[in-house]
Each structure stands twice: as C-alpha cells, then as structure tokens.
Amino acid sequence: MNAYVMLGVFQTTQKLRTALRRLSRAGRPPLDLQMQFLRRGRCPRSVALSRKLHVGADGSRSSPAAAPQRLPFSRVSVEDLAVFRKILPGRVITDPDLLQSSNEDWLTSVRGSSEVLLRPQTTQEVSQILSYCNSRNLAVNPQGGNTGLVGGSVPVYDEIILSTSFMKNILSFDNIAGILTCQAGCVLENLVLYLEERDYIMPLDLGAKGSCQIGGNVATNAGGLRLLRYGSLHGTVLGLEVVLADGQVLDCLSTLRKDNTGYDLKQLFIGSEGTLGVITAVSILCPRKPKSINVVFLGCETFDQLLKTFQLCKGMLGEILSAFEFLDSECMRLLNTHLKLPNPISDCPLYIVIETSGSDSKHDSQKLHNFLEEAMTSLLVTDGTVATEDSKIKALWSMHI
Ligand SMILES: Cc1cc2nc3c(=O)[nH]c(=O)nc-3n(C[C@H](O)[C@H](O)[C@H](O)COP(=O)(O)OP(=O)(O)OC[C@H]3O[C@@H](n4cnc5c(N)ncnc54)[C@H](O)[C@@H]3O)c2cc1C
C-alpha cells in the first residue's frame, strides 16, 4: 500500500476539477497538499459520559435506569477461588486495582463490582470453569476487549468476569481458500497484521480494532467499515467453537464455505452477546488484499443530496465500492474539539467518506473520476478530497472512530 499516492486535495469546485484531472493521469508525481488529522484513539475520559447505571450489589447509589435486582446467584467463596486457582494457576485476579478496568466499560458509563477475573487459555479451561460455575450457581460475564458501547461487557453486579484475553493463538490459515481459524481472544488488529503479510485482509474493520477481539466481534455481530462490501459476520464466519453454560463444548468449527449439513447452529451465537455461551474459536473467510484503494471525503448540503450521492455511487462504482459513511457538522465539531481532528475540507452540513478497493488502480481511478465528475456537475457535492496513499487513507478514516 505504500506505493499509493495522494492524488489530490481540493477545497473548491475548481480544485476538485484539478484533482479529477490528476486522478485520471497515471504516473504523475505525488501531490501531497495537505495532511490534517493524524491522531486516532480513545475518546478522552473527560469527554466520556459518566452515568453510573449499574451499582454494586451492596452499592448505595441508584438511578432511574439502574439495573434490575440481583438474581439469587451464589457469591464467590474462598473455596471457589481455590478451585479456580487449581484450574487456572496464576490466572485468577482478585486484586481490586487490577479488576477496576475490567469492571468498567469503555465509555465509563456503567460499572460492575466483580471480585474475580478469570483468564483461561484453552477451551478445556473455559469448559471446566463454566461447568463448575454452573454446579455452584455462580454468574459469569464473558469479556473480550471490553470495547462494547452498550454495557454488555461488564458485570451488572458481582458476576465473575471470564476474559478471553489469553486465548490469542492463530490455529490455522488456509492460504488458498483464505480461511483463518483462531482463538476467540485474538485482537482484531493482530489478525489484520497477520493476514496483511499473507496478502489477505479481515472482512471487518472497526475503530476499536486495536483492542477488540474476534470473539467479541462475533458475539456483538460487529459491522464496521467493510460491511457494505463483504457483508455481515453471518456470512463471513464459517465456523465457531462455543462452550455452553454447563461446560459442554459445541464444536461447529467448520471451515467449509458451503456447508449444508443440517442446522446452522453457529448463527445463533453471532450477535448473542455472551448470553448463550462463550465463543472460544472462530473460523472466518478472508478476502484477498485489494491492490488499489482510494478514499474520498466529500461535503454536501442536504440529506437528500447525500442519499442521491449514495445511489449514484452504487451505480457508478459498483463492485469497487467498499465503504460509504457519513457524518454531520455536529460530529465534525466534536471531532475538532475533542480529538483535534481538523476538517479536511470547507465547512458543510454533511460529510461523506467513500472507499473503493479493487485490483486495478487504473480502472478504479477511471471509475472514481467519472463518479466524482458526475457528482460535481449534478451539484450533489460541493467540496472534497481524494486520498490513495496509505497514511492519508488512514488519516481520513481516523474520523471514523
Ligand atoms: C472506537 C470504537 C469504534 C467502534 N466501532 C464499531 C463499529 O464500527 N461497528 C460495530 O459494530 N461496533 C463498533 N464498536 C463497538 C465494539 O468495538 C464492538 O462491539 C466489538 O465487536 C466488541 O468487541 P470486544 O472484544 O471489545 O467485546 P466486549 O466489549 O468485551 O464484549 C461485548 C459483548 O460480547 C460478549 N462477549 C465478548 N467476548 C465474548 C466471547 N468470546 N464469547 C461470548 N460472548 C462474548 C460480552 O459479554 C459483551 O456482551 C466500536 C467501539 C469503539 C470503542
């Protein structure tokens, strides 16, 4: 991707036309007129909401939206801890300081009061833990990268946190079919890097990729930037291994692209948010790494124009369209204020990010050129910038957190 070149940045229609001309001319020297936003990362804590919806079992604070009453689960005893330590030597955390970050969600909007964090490394260990907890009526909260935005990754009360963070082995990769099989705790970004070296990509990409785990992605049926092109995880996940609440291991870890042998049980677990079992391994179909990528950042005046641009874009970019996202001026203001990401174009009520990915840069550039010219002459967009160089593409995408 380093060979990609920033072809043009434009701020007015005239500049857009100039950039279009450049886009259509192959072999021109790189034009790097402007580089604006390079920071990406977590929203500062001061910015995040601070609703404490959940209080501990014995907590005194409450709120109208507080969690329902604690169900009659057992409480973790000294004997239970001894059993956990036997199953997971050195991987049972009870230190309140170490537990703090696992008890609190990414937005710091909800907080539980778990006193135990378990870190299994194998499916058998997960099975032993769940079987034991089931026999003792102990509640368990599965946790991946803890980047979920709806509070599901942290306990409501004192549930045991079962983290998959130590389950990070890649089990196999079929270089011909592009099928990756790995443990659930693999961080998405690590999988991205692993595949990149093999000329493949993950079919999903999201702002939390540096922390979220593939098991968490499957449990939440995460969408992300590539959904438009590669579809949802219901299509790309080929197999799952799951440990049910009583410790039974459900082996649906198929690596077959076409598997019509009866019920497709794995589908139940995609998006189940940890309610049906703990996902311990995933096999997933990975697309080949595109040879040519372009990202366009456009401004438009009305939502109707935005929808028309989407229609035009689908019609004219067809098979190379890989993402279409939008943000409004208020989002842009928040990005400027809190993440110091400058607006790469002039102020507009609405902004669109379009990504194309294909196998022939000349062909893709021509298609993009035709689309931009049409969008511009029909006055659907008023301003924009085009990036084809990897760092610029990343910078543009950093707006999508
Ligand atoms: C900056 C940022 C950008 C984001 N962008 C997107 C986006 O574009 N699209 C999108 O869909 N989401 C997005 N998210 C939300 C979040 O990253 C996803 O939901 C992600 O898939 C969660 O993965 P995780 O490993 O962090 O799971 P966690 O947050 O740890 O858990 C989420 C839920 O899954 C359950 N769970 C976790 N692991 C397992 C497992 N192995 N087995 C069973 N249940 C499990 C948990 O109990 C919980 O209910 C974003 C979040 C952030 C912070």
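How many bridges join strand β3 to strand β5, and do these strands run parallel or antiparallel? Two bridges join β3 (residues 117–118) to β5 (residues 160–163), and the two strands run parallel. The views below start from the whole chain.

**View 1. Overview of the protein chain.** This is a predicted model: local features need pLDDT of at least 70, side-chain atom pairs count only at pLDDT 80 or more, and totals for chains, interfaces and linings use all residues. Residue numbers start from 1 along each chain as its sequence is written. The protein chain holds 13 helices and 14 strands. Helices (H or I, at least four residues) and strands (E, at least two) are DSSP runs, numbered from the N terminus. Of the 401 residues, 42% are buried. Buried means that 20 or more other C-beta atoms lie within 10 Å of the residue's own; exposed means 12 or fewer, and partly exposed lies in between, with C-beta atoms placed from the backbone. Among contacts between residues at least 6 apart in sequence, 73% join residues at least 24 apart. Two residues are in contact if their C-beta atoms, placed from the backbone, lie within 7 Å.

**View 2. The shell around the ligand.** The shell has 32 residues, and G144, G148, G152, G215 and G216 come nearest. A residue is near a molecule or strand if its C-beta atom, placed from the backbone, lies within 6 Å of it. By class, twelve residues are nonpolar, 19 polar and one charged. Here Ala, Val, Leu, Ile, Met, Phe, Trp, Tyr, Cys and Pro count as nonpolar, Asp, Glu, Lys and Arg as charged, and the others, Gly among them, as polar. β4 (140–143), α6 (214–220) and β10 (278–285) each supply at least two shell residues. The largest share, five residues, comes from α6. Domain 2 (43–166) and domain 3 (170–285) each give at least three. The domain bounds come from an automatic or database domain assignment.

**View 3. The open four-stranded sheet.** The strand order is β2-β3-β5-β4, with mixed pairing. β2 (92–93) and β4 are the edge strands, and each pairs on one side only. Two strands pair if DSSP finds at least two bridges between them.

**View 4. Strand β8 and its partners.** Six of the seven residues of β8 (residues 237–243) are buried, so this strand is largely enclosed by the rest of the structure. β8 pairs with β10 in the antiparallel sense over six bridges. In that pairing, G239 has S283 as its bridge partner. β8 also pairs with β9 (residues 249–252), antiparallel, over four bridges. There V242 stands opposite L250. β8 and β9 form a hairpin with five residues between them. In the turn, G247 has a positive phi of about 100 degrees.

**View 5. Helix α4.** α4 (residues 123–136) has 14 residues and reaches 20 Å from its first C-alpha to its last, close to the 20 Å expected at 1.5 Å a residue. The expected span is 1.5 Å times one less than the number of residues. Its buried residues are T123, E125, V126, S127, I129, L130 and C133. Just after α4, N137 takes a positive phi of about 55 degrees.

**View 6. The surroundings of L228.** L228 sits in helix α7 (residues 227–230). L228 is partly exposed, with 16 other C-beta atoms within 10 Å. Not counting residues up to four places away in sequence, L228 touches L321, S322, A323 and F324. L228 and L321 are 93 residues apart in sequence and 8.0 Å apart in space, C-alpha to C-alpha.
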